[in-house]
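Biologist: Could you walk me through how to read helix packing in a model? I'd like the general idea first and then the case at hand.

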Amino acid sequence: MSTHELYTIPADMATWDVEAQGAARFTWEYDDPRDRLLTLYQKGKDKQWDSTTRIDWSLEVDPHDCLGMPDEVIGIHGTRQWDRIAGDRAEVDRLKHHLASWQFSQFLHGEQGAMICSARIVESVPDLDSKFYAATQTMDEARHAETYARFLQEKVGLLYPINPYLKSLLDDTLSDSRWDMPYLGMQVLIEGLALAAFGVLRDMTTKPLPKQILAYVMQDEARHVAFGRLALKDYYAQLTTAEREEREEFVVEGCYLMRDRFRSQEVWSNLGYDVDECVQATVNSPYYKAYQSLLFSRIVPCVKDIGLWGPKVQKAYADMGVLDMAGVDLNALMKADEDTAEQIDAEKAEVARSAVQVEKTIAVGATA
Ligand SMILES: [Fe+2]
Ligand SMILES: [Fe+2]
């Protein structure tokens, strides 16, 4: 079946073409690798995994309750719109199905964007060590897109087209000729936000399949964000103030786009709800407020770390209420992401061992 049949809102059948700007660069210097980047590249090669074998696709998913989260986390919970549907379980189920589909569809489109941006980095970045690393990331992102696509097609059964805000930021990121822009737009902003969103869902979901998927994808994303930080920190330190300010403006604009991307507008309108009322309710919901500040927990410290910390950026973060996130320890978060994925592997191995033990005991019993 074509994916187009699963789109709840018709998606454009044609490809979306962003005209490439800037040069594809070759380098003949094969002998000047930076240790930190090579370590990341080695790790990128060592830690490849295969979603076909590592993820337990036999786990069942109820499309109307993919994540097993309480109704209270729905942005419109407790509003007039909610009161209109709350007595109708079928409608609440339909809403939950659409919200999960919308969220995972954006993850999927974002992963495709990440794959294309990393490929662009391979092409345009001047140094060979960065090209090597970005090549492993391109493969990581292909595996992520494959994984989310399978989850949506086989388990959720419904897709949403790309969110206009995400599309706009991807367009800005890919249509810029400066080689650092795919890093800044993708590695720092889009991935930073996605990583935080994955983390909230990974930690809140009660369902094993989405938990595995999110944890394994996050294990790779920790390397991607580290790569963006390493490459940009070195480069931005050499730029003029004017050049840095241009990047800061891009960050401010991108962060507002990213903030607005999480309000599920397409779902409200697709289901025939009052969009303004639902967006307003979402923005004011206590769960969403906490969610939004968590969403920026990965971006804000990273932007500060790479040296884009001028007054405009700080003012925008203060306006969004996320300036405090500058103090978050990114390294500790990423270490925890890696540990979580390994913990899930260990638990799965334990379950498999007990199953073998039970079978052996049964076999011994039968023989006796
Ligand atoms: Fe990814
Ligand atoms: Fe990534």
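Biologist: Which residues in helix 4 meet helix 6?

Modeller: Some ground rules: this is a predicted model, where local features need pLDDT of at least 70, side-chain atom pairs count only at pLDDT 80 or more, and totals for chains, interfaces and linings use all residues. Residues are numbered from 1 along each chain as its sequence is written, with chains lettered from A and ligands numbered from 1 in the order in which they are written. Helices are DSSP runs (H or I, at least four residues), numbered from the N terminus, and residues are in contact if their C-beta atoms, placed from the backbone, lie within 7 Å. Here Q106, H109, G110, G113, I116, C117 and R120 in helix 4 meet L166, L170, T173 and L174 in helix 6. By class, that contact has five nonpolar, five polar and one charged residues; Ala, Val, Leu, Ile, Met, Phe, Trp, Tyr, Cys and Pro count as nonpolar, Asp, Glu, Lys and Arg as charged, and the others, Gly among them, as polar.

Biologist: At what angle do helix 4 and helix 6 pack?

Modeller: Axes are lines fitted to C-alpha atoms, for helices over the stretch in contact, and angles run from 0 to 180 degrees between N-to-C directions. Helix 4 (residues 89–124) and helix 6 (residues 164–174) come out at about 0 degrees, axes 11 Å apart. Angles under 35 degrees count as roughly parallel, so these two helices are roughly parallel to each other.

Biologist: And how do helix 1 and helix 5 pack?

Modeller: Helix 1 (residues 35–46) meets helix 5 at about 25 degrees, with axes 9 Å apart, so this pair is roughly parallel too. Their crossing is left-handed, that is, the near helix is turned anticlockwise from the far one by less than a right angle. Among the residues in contact are Y41 and G44 in helix 1 and F132 and T136 in helix 5.

Biologist: What follows helix 5?

Modeller: G157, whose phi is positive, near 75 degrees.

Biologist: Which way does helix 8 cross helix 15?

Modeller: Left-handed again. Helix 8 (residues 208–237) and helix 15 (residues 330–367) pack at about 145 degrees, axes 8 Å apart. The contact includes A215, M218 and A222 of helix 8 and M334, A341 and I344 of helix 15, and its residues divide into eight nonpolar, three polar and two charged.

Biologist: How many helices and strands are there in total?

Modeller: The protein has 15 helices and zero strands.

Terms used
Parallel < 35°, antiparallel > 145°, perpendicular 65-115°, else oblique. Contact = placed C-beta atoms within 7 Å.
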